[in-house]
There are 2 protein chains.
Amino acid sequence: MDRDFMRLLDSRWEQGLFLCVGLDPGYEKIPQSVRSSSVEETFLTFNKAIIDATKDIVCAFKPNPAFYEAQGIEGWKALQSTVDYIHAVAPDVPVILDAKRGDIGNTNVDYAKMAFDNFGADAITVQPYAGGEALEPFLDRSDKGVFVLVRTSNGGAREFQDLEIGGKKLYEIVSGATVGWNKNGNVGVVVGTTYPKEIGEVRAIVGDMPILMPGVGAQGGDLEESVRLGKNSKGKGFIINVSRAVIFASQKDDFAEAARAKSQELHSAIQKAL
Amino acid sequence: MDRDFMRLLDSRWEQGLFLCVGLDPGYEKIPQSVRSSSVEETFLTFNKAIIDATKDIVCAFKPNPAFYEAQGIEGWKALQSTVDYIHAVAPDVPVILDAKRGDIGNTNVDYAKMAFDNFGADAITVQPYAGGEALEPFLDRSDKGVFVLVRTSNGGAREFQDLEIGGKKLYEIVSGATVGWNKNGNVGVVVGTTYPKEIGEVRAIVGDMPILMPGVGAQGGDLEESVRLGKNSKGKGFIINVSRAVIFASQKDDFAEAARAKSQELHSAIQKAL
């Protein structure tokens, strides 16, 4: 059977798994013992250790291409090898490319090709600003997930996302629009755990659609409230992403064990909050 | 003297040059005679011919990474080689990386590194949705240009960009915000030529700041109106980008001559409209 993002994700949820580990390496933060002269080798060795240590307790892995692109061609190769490695050792775990891409439709055809055909990612995060028409090349890929930025996790998110239009905030309007875009059942939204109240509001708008929630850990998001307000009517439908707090739980040689311990702690906290 | 985007751009404007050629190759559209088994070589050979044929009549080149990323590592290498080639043969022509990136601040640090340090681009296009705080890693680079998407050129642009907040449309509010972000004099906005009326409205908001205007050619934008409404108080301050209509003016062996002829035609049309 061909890979299908929503089926893979739902199967992880059925196993009680809701944690997503963000594979966002930074060369300077990687333990000395792992670093080689090659950035590609360094990133891949580091990521492999994190993937091996956490693959049985996550619902997804989420590499953000920014951290790879910053390293040029070697970084790009490391991202490709990382996705390939996940598919090889954890074929049941979907890969969300957190690329936050967004262009006009003609150009998004090529971004979809990049994410889904070239990297083999199962899902991508995208920008809402150009509207649903521009996102069609992503939305049309019914076997792939499309997570639309609705409420970002940063401090300045309110600047535009909280603007009020006829009594509704912009992020609520964008949330509502994603429901209409979900003709293939492959659309989700992104709402930061740094805004738990807004997670509840978005949940009321999007029904049972998946919500990807970044921001727990380094950004200080509220895990318990986010789970409580973010779960859908079936007690599923959400992804808690943690990046830095897991992968850099230790910056010493025990980084993989520390990443697993932190992941288990987060997994338990999610279970408790459910 | 170190490269500085605004100085380079202003110097081109002083020479009466306002056309930007979008280097957005597609493997299938490139003439058979140029194609080799290597995508990297094919893209670079094609781009070099376009660059050589147009470099004296453009104010900037604007590669969109989507078209390169879709081709994987070979595409990425071709993008790097293309920017390097422009710097080598046309050091006075700034390079705008039309990457439309946008993430939280911590991640945008790496996107800025990608665009400015890794590729050596002089400017980048960015997403407004996460607000000005998230864009600081780009804005802080005073020698680099930051073009904020305000009004995209696609048919569906109105969906969110035309939403009204207290009598103002979202794209007007975003335009106003960019003025506040322009502390280093390195900020511009993007408004599609498919919406000339909106170009005039944005010009009234942003004063003399640069406006990058895509959409002439394949997308059917209105060049004359866009120039008339888009120029600033000094009769400068705008960039007319044309991609497909120039680089694929002919899909035969005379593609470079055809690209030059089309560029000259557009240059003349801009002069006439000024």
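Biologist: In what order do the eight strands of the open sheet in chain B run?

Modeller: The order is β2-β1-β10-β9-β8-β5-β4-β3, with parallel pairing. Bear in mind this is a predicted model, where local features need pLDDT of at least 70, side-chain atom pairs count only at pLDDT 80 or more, and totals for chains, interfaces and linings use all residues. Residues are numbered from 1 along each chain as its sequence is written, while chains are lettered from A and ligands numbered from 1 in the order in which they are written.

Biologist: What counts as a strand, and as a pair?

Modeller: Strands are DSSP runs (E, at least two residues), as are helices (H or I, at least four), numbered from the N terminus. Two strands pair if DSSP finds at least two bridges between them.

Biologist: Which strands stand at the edges in chain B?

Modeller: β2 (60-63) and β3 (96-101) of chain B; each has a single partner strand, so one side of each lacks a neighbour in the sheet. From one strand to the next, the twist averages 30°; angles run from 0 to 180 degrees between N-to-C directions, and axes are lines fitted to C-alpha atoms, for helices over the stretch in contact.

Biologist: Over to chain A. Is β10 buried or exposed?

Modeller: Strand β10 (residues 238-242) of chain A is mostly covered, with five of its five residues buried. Buried means 20 or more other C-beta atoms within 10 Å of a residue's own, exposed means 12 or fewer, and partly exposed is in between; the C-beta atoms are placed from the backbone.

Biologist: Which residues sit on each side of it?

Modeller: Phe238(A), Ile240(A) and Val242(A) are on one side of β10(A), Ile239(A) and Asn241(A) on the other. In general, side chains of a regular strand alternate between the two faces of the sheet.

Biologist: What does β10(A) pair with?

Modeller: β1 (residues 19-23) of chain A pairs with β10(A) in the parallel sense over three bridges, and Cys20(A) stands opposite Asn241(A). Three bridges also join β9 (residues 211-213) of chain A to β10(A), again parallel, with Ile211(A) partnered by Phe238(A).

Biologist: And how do α10(A) and α12(A) pack?

Modeller: α10 (residues 223-230) and α12 (residues 255-273) of chain A pack at about 50°, their axes 9 Å apart. The two helices are therefore oblique to each other (under 35 degrees is roughly parallel, over 145 roughly antiparallel, 65 to 115 roughly perpendicular, and the rest oblique).

Biologist: How many residues does each chain bring to the contact between chains A and B?

Modeller: Chain B gives 45 residues and chain A gives 45, where contact means C-beta atoms, placed from the backbone, within 7 Å. The largest share of chain B's side, seven residues, comes from α5(B).

Terms used
Right-handed = clockwise from strand over helix to strand, strands pointing away. Contact = placed C-beta atoms within 7 Å.
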